[in-house]
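Q: I would like to learn how to read the packing, pairing, backbone and cavity features of a model such as this one. Could we take them in turn, with the general idea before the case?

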Amino acid sequence: MSYRKKTQIIQYGLLYVMLLIPGSCAVSRYLNTTILYGVVCGAYFLLLLFSKKYRDAYIPWFCVLLLLATITIRAKTNGVGPLSFLENISMLIITYIAIAFDKQWFLTRFVKIVSVFAVISIVFWAVFCIFPSLVDLWPATTFWTQNLGTGQWATVLHGKGLWFYSYLEIHATRNCGFYTEPGVYQIVLNAALFILLFWKDKLRLKNEKQYRTLVSIIFITLITCQSTTGYIAMIVILACFFCMHSHESNALGFKANLLLLLVVAGAAVLIDYVIHGTDSILYIQVINKIFGGTASGINISDSTGQYRMETVQASFQALSEDLFGIGFDRFNTIRDSIDPAAVAASIATYAAVYGIVFWLLMMVTIFLPVFMRMKKPLLILIFIFMFVNSTVSETYLFYPGLMLFPIYLTTRNTVVSFPQQIMTGKLKTFSVSRNMEGVTQ
């Protein structure tokens with residue numbers, strides 16, 4: 001096997017692990033997370049010791065910051081454990097290793113692997129929506145997900161499939177990929193969409209046809225996710241893309257085709273709403289969640305938005321008690337007193353748990369590379385929106401699908417993993433510029 005092929009396989013393997021951590025059903029329900037996180041962290045520290053290639057300062061600084069936050073809050077409240085620390089730094093570390101291994105090909109391979117799993121998810125989702133009885137015939141691992149209700153009246157819900165696609169009874173008609181919910185899957189998909197639309201010149205694709213195919217796959221998968229958070233991020237990304245000026249004929253033609261795809265998707269959603277009413281995607285995922293089931297005004301206190309806002313409320317209450325962090329135990333007590341069903345809102349939760357000082361340092365560490373190294377203010381605003389939009393809706397703060405942007409911007413260019421003449425000669429690539437649009441190397 002050639003060195004180039006080995007490099008490709010290894011990076012795809014790293015990308016797969018990066019996609020699994022966190023939020024996948026395999027990690028959440030099947031794997032021993034302590035061992036998994038320990039292996040990831042151990043591998044990084046070995047690489048740090050024996051290879052100069054993995055000695056960028058960003059990740060060590062972030063690890064030290066999270067270690068200080070963990071030690072401080074644990075000494076103060078005993079409310080943050082080692083597993084939380086390992087979990088947080090593992091998300092950062094696996095993303096960094098996947099990037100640093102071969103930075104020049106990272107974005108291309110990230111988009112490709114996300115697209116491959118997107119196609120798999122669309123096929124499984126469509127088959128199980130049309131023929132739900134086939135779920136029982138699918139020879140995949142079955143696992144418990146949650147109980148609805150209590151005691152003898154509780155309904156036990158299960159999932160099936162871990163490594164390539166997960167069918168979840170609670171999200172039977174929604175495409176979750178291999179994640180625990182569509183809201184986690186949309187983070188990865190919108191990250192790929194951002195890269196395709198705004199960092200196109202850094203991608204090494206064969207031709208324009210392949211590029212447009214990848215955009216279409218990601219867009220269709222986002223639609224099938226039926227995630228309100230995902231829809232909002234996708235609309236912002238697409239709106240900004242159409243607002244950006246480009247007089248190239250290829251760009252104008254692509255925008256026209258993408259607009260046509262949007263019109264077709266919008267028409268399908270409207271037809272679904274006319275036919276199915278309150279059972280339609282538009283009603284369930286947009287009208288009911290944002291407007292509380294009516295069109296009279298925005299009301300996020302209904303549906304799942306209520307539980308996220310209650311977590312934000314608990315965070316403000318915790319900060320009013322102690323600005324310098326109260327730990328998870330005390331925070332969970334406050335949140336449960338408001339509503340035991342309250343969830344997510346990690347961006348607010350981390351402020352309450354670790355305190356305002358450490359939280360501000362985390363935010364600066366995340367956003368400073370974006371402010372420093374993205375030339376276009378519009379792209380900076382889009383990333384900020386994507387980050388806040390997702391972390392208000394989800395459990396973790398350092399999702400690899402979000403953190404890949406600041407980590408990529410702070411990672412040095414690595415040596416080409418195979419001879420230059422192969423890359424520029426036999427392998428004809430599409431847009432092989434070393435300078436990324438919107439980024440200063």
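A: Two packed helices are described by the angle between their axes and the distance between the axes. Here α4 and α5 pack at an angle of about 170°, with their axes 10 Å apart, where axes are lines fitted to C-alpha atoms, for helices over the stretch in contact, and angles run from 0 to 180 degrees between N-to-C directions. The two helices α4 and α5 are therefore roughly antiparallel to each other, given that angles under 35 degrees count as roughly parallel, over 145 as roughly antiparallel, 65 to 115 as roughly perpendicular and the rest as oblique. Helices (H or I, at least four residues) and strands (E, at least two) are DSSP runs, numbered from the N terminus. This is a predicted model, in which local features need pLDDT of at least 70 and side-chain atom pairs count only at pLDDT 80 or more, while totals for chains, interfaces and linings use all residues. Residues are numbered from 1 along each chain as its sequence is written, and side-chain values use heavy atoms, with hydrogens and water left out.

Q: Which residues make the contact of α4 with α5?

A: With contact meaning heavy atoms within 4.5 Å, α4 contributes I59, F62, C63, L66, L67, T70 and R74, and α5 contributes P82, F85, N88, I89, L92, I93 and Y96. By class, this contact of α4 with α5 has eleven nonpolar, two polar and one charged residues, where Ala, Val, Leu, Ile, Met, Phe, Trp, Tyr, Cys and Pro count as nonpolar, Asp, Glu, Lys and Arg as charged, and the others, Gly among them, as polar.

Q: At what angle do α14 and α15 pack?

A: Helix α14 (residues 346–354) and helix α15 (residues 356–373) pack at about 135°, with their axes 6 Å apart, which makes α14 oblique to α15. The contact is formed by I347, Y350, A351 and Y354 of α14 together with I356, F358, W359, M362 and M363 of α15, and its classes are nine nonpolar, no polar and no charged residues.

Q: How many salt bridges does a search of the whole structure find?

A: Side chains of opposite charge can pair when their charged atoms come close. The search finds six salt bridges, each being a side-chain nitrogen of Lys or Arg within 4 Å of a carboxyl oxygen of Asp or Glu. One of these joins the side chains of D322 and K76 at 2.6 Å, N to O; D322 lies in the loop between α12 (303–321) and α13 (327–338) and K76 in helix α4 (residues 58–77), so that the pair links distant parts of the chain, 246 residues apart.

Q: Which two residues does a cis peptide bond join?

A: Most residues other than glycine have a negative phi, and most peptide bonds are trans. In this model a cis peptide bond joins I21 and P22, with omega of about -15°, and P22 is found in the loop between α1 and α2 (25–29). N78, although not a glycine, has a positive phi of about 60°, and its place is in the loop between α4 and α5 (82–101).

Q: Which residues line the largest cavity?

A: The lining consists of M18, L19, I21, P22, Y179, V184, I187, V188, Y399, P400 and G401; by class it has ten nonpolar, one polar and no charged residues. Its largest share, three residues, comes from α7.

How values were computed: On a 1 Å grid over the protein atoms alone, a cavity is a set of points where a 1.4 Å probe fits but cannot get out, and a pocket is an open set with protein on both sides within 12 Å along at least five of seven lines; lining residues have an atom within 4 Å of a point.
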